[in-house]
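I opened this notebook to record what I looked up in the model, taking sheets, helix packing and a pocket in turn. The entries follow the display.

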Amino acid sequence: MNSTIGDTERQPEIAGSEENEVIESRDATICIVGLGYVGLPLAVGFDQEGYNVVGFDVDDRKVETLQSGIDTTGDLGDEAIVESKIAYTTDPDEIANADYVMIAVPTPVDQNQQPNLDFVKSAGETVGKYMSPETTVILESTVYPGATREALIPALEAASGLTCGEDFYVGYSPERATPGDPEHGLRDVVKVVGGMNDEVRDNVANLYETVIDAGVHKAASLEVAEASKVVENIQRDLNIALVNELAMAFDGMDMDIDTRDVLEASGTKWNFHDYRPGLVGGHCIPVDPYFFIHRSKQAGYAPHLIEQSRIVNESMPAHVSDMMIKELNRAGKTLRDSRVLILGLTYKPDVADIRTSKVEGIIRQLQEYDIETVGFDPYGDTGLMRDQFGIPVQEDDVCFDNFDGVILATPHRVFYDLDIVDMASKMNDNPAFVDVTGAFDPEKVSESGFSYRRV
């Protein structure tokens with residue numbers, strides 16, 4: 001039942017020219033290992049194209065929830081889960097039926113900012129133990145260049161007793177979709193594909209072409225595909241670090257220079273890049289640079305610019321809290337008697353995910369000054385937010401009564417409908433408003449009675 005590189009009897013049918021081959025048969029069985037924000041959309045996408053799809057995860061609760069027809073990511077919608085024919089399971093025996101196994105497990109960094117590939121290795125051991133000969137295994141997790149060969153393949157070989165390149169095959173295709181962004185989902189972003197050799201790469205590319213509308217880019221090697229993912233996020237990290245450093249520098253000049261006004265003026269030149277200061281949270285941009293830094297240092301080169309960008313962006317939560325502290329001081333308020341409400345606790349607008357949210361750094365800094373801090377977020381789970389951030393979190397409706405300051409940390413769209421005048425009237429005298437992303441018009445907020453600052 002499994003497809004084989006070079007075995008025409010078991011290979012899915014290929015139609016078209018050599019340069020533009022597309023898999024026409026949907027007889028292949030695809031097993032997705034890891035049903036999170038990356039794996040679940042993959043499973044649904046291939047299911048919608050008519051493939052036999054098995055969704056495997058070690059989390060019993062997650063699998064039971066999916067089996068009941070509930071979208072565990074919040075991005076796809078329950079209807080997509082209900083209408084799918086995906087076989088959700090915690091039984092690893094199902095891996096044996098797969099022609100292709102796609103591994104989409106977390107790749108975090110540890111407390112020392114070192115890559116942690118334990119999930120990849122563990123998934124490799126599970127897949128290796130249960131997969132059949134002639135299976136093609138594709139890693140989707142973000143890793144440093146060389147990790148697929150150094151970590152995944154040895155785990156697969158050790159658990160299976162099979163030899164990569166002879167008995168099974170390996171590809172790499174980094175996830176690139178953006179959670180919570182309907183315009184940049186699985187089908188809408190070009191898929192980068194690498195393989196252990198050109199034949200495997202082309203086979204995997206043909207498979208992805210059946211589900212990716214934006215097209216597939218064939219990378220020169222596994223390592224090039226791996227590097228491309230970390231580099232695209234390093235570039236964003238560097239650019240954001242520049243404007244964040246500008247924001248901190250202008251704030252220290254005490255010359256009433258608004259960073260966003262400066263960027264607007266600079267942006268009138270045709271080749272000026274449009275970036276804005278803010279918190280850098282999430283599972284990619286704050287993490288991926290460390291994968292590259294780790295691998296580069298192994299090779300004897302310390303990438304100082306990339307390291308410094310991380311330092312700058314990690315300092316932004318403290319800068320935001322300092323802005324609020326300065327405004328409270330200017331208003332003559334006693335810090336230990338002040339109350340601050342933080343609007344938005346998730347790591348990005350209009351999503352429920354609070355993991356790797358940099359708002360936590362703002363909270364810790366305010367607490368160091370004994371400032372009472374309360375949160376509100378219409379998307380995040382209230383109980384989880386209270387546990388993670390260690391502060392009271394308002395439920396259902398936001399209340400501004402008796403607060404001295406507001407920090408708009410994550411600009412969910414619903415916040416744009418807030419009545420600024422009403423907010424100010426309910427708060428204590430001389431309230432402060434720190435707008436991390438510049439979501440509101442400074443003049444309107446100031447006219448409403450706030451002392452307004454934007455990063």
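**Terms and source.** I count two strands as paired if DSSP finds at least two bridges between them. I take helices (H or I, at least four residues) and strands (E, at least two) as DSSP runs, numbered from the N terminus. I note that this is a predicted model, in which local features need pLDDT of at least 70 and side-chain atom pairs count only at pLDDT 80 or more, while totals for chains, interfaces and linings use all residues. Residues are numbered from 1 along each chain as its sequence is written, and side-chain values use heavy atoms, with hydrogens and water left out.

**Six-stranded sheet.** I looked up the strand order and found an open sheet running β13-β12-β11-β14-β15-β16, with parallel pairing. Its edges are β13 (393-394) and β16, each of which pairs on one side only. I then followed β14 (residues 405-408) and β15 (residues 432-435), which pair in the parallel sense over four bridges. In this pair, isoleucine 407 stands opposite valine 434 of β15. Helix α12 (residues 359-368) packs on this sheet and touches β11 (339-343), β12 (372-376) and β14; I use contact for heavy atoms within 4.5 Å. The direction of α12 makes about 180° with that of β11. Angles run from 0 to 180 degrees between N-to-C directions, and axes are lines fitted to C-alpha atoms, for helices over the stretch in contact.

**Eight-stranded sheet.** I found a second open sheet, ordered β5-β4-β3-β6-β7-β8-β9-β10, with mixed pairing. The edge strands β5 (87-89) and β10 (216-218) each pair on one side only. The twist averages 25° from one strand to the next. Strand β9 (residues 191-195) pairs with β10 in the parallel sense over three bridges, and valine 192 stands opposite histidine 217 in β10.

**Helix α4.** I recorded that α4 lies across β3 (29-33), β4 (52-56), β6 (100-103) and β7 (136-139), at about 160° to β6. The axes of α4 (residues 118-130) and α5 (residues 147-160) come within 7 Å and cross at roughly 35°. Among the residues that make the contact are Val120 and Gly124 of α4 and Ala151 and Leu152 of α5.

**Second largest pocket.** I define a pocket on a 1 Å grid over the protein atoms alone: whereas a cavity is a set of points where a 1.4 Å probe fits but cannot get out, a pocket is an open set with protein on both sides within 12 Å along at least five of seven lines, and lining residues have an atom within 4 Å of a point. What lines the second largest pocket? I listed 19 residues, with Asp251, Asp256, Ile257, Asp258 and Arg453 nearest its centre. The largest share of the lining, four residues, comes from α11.
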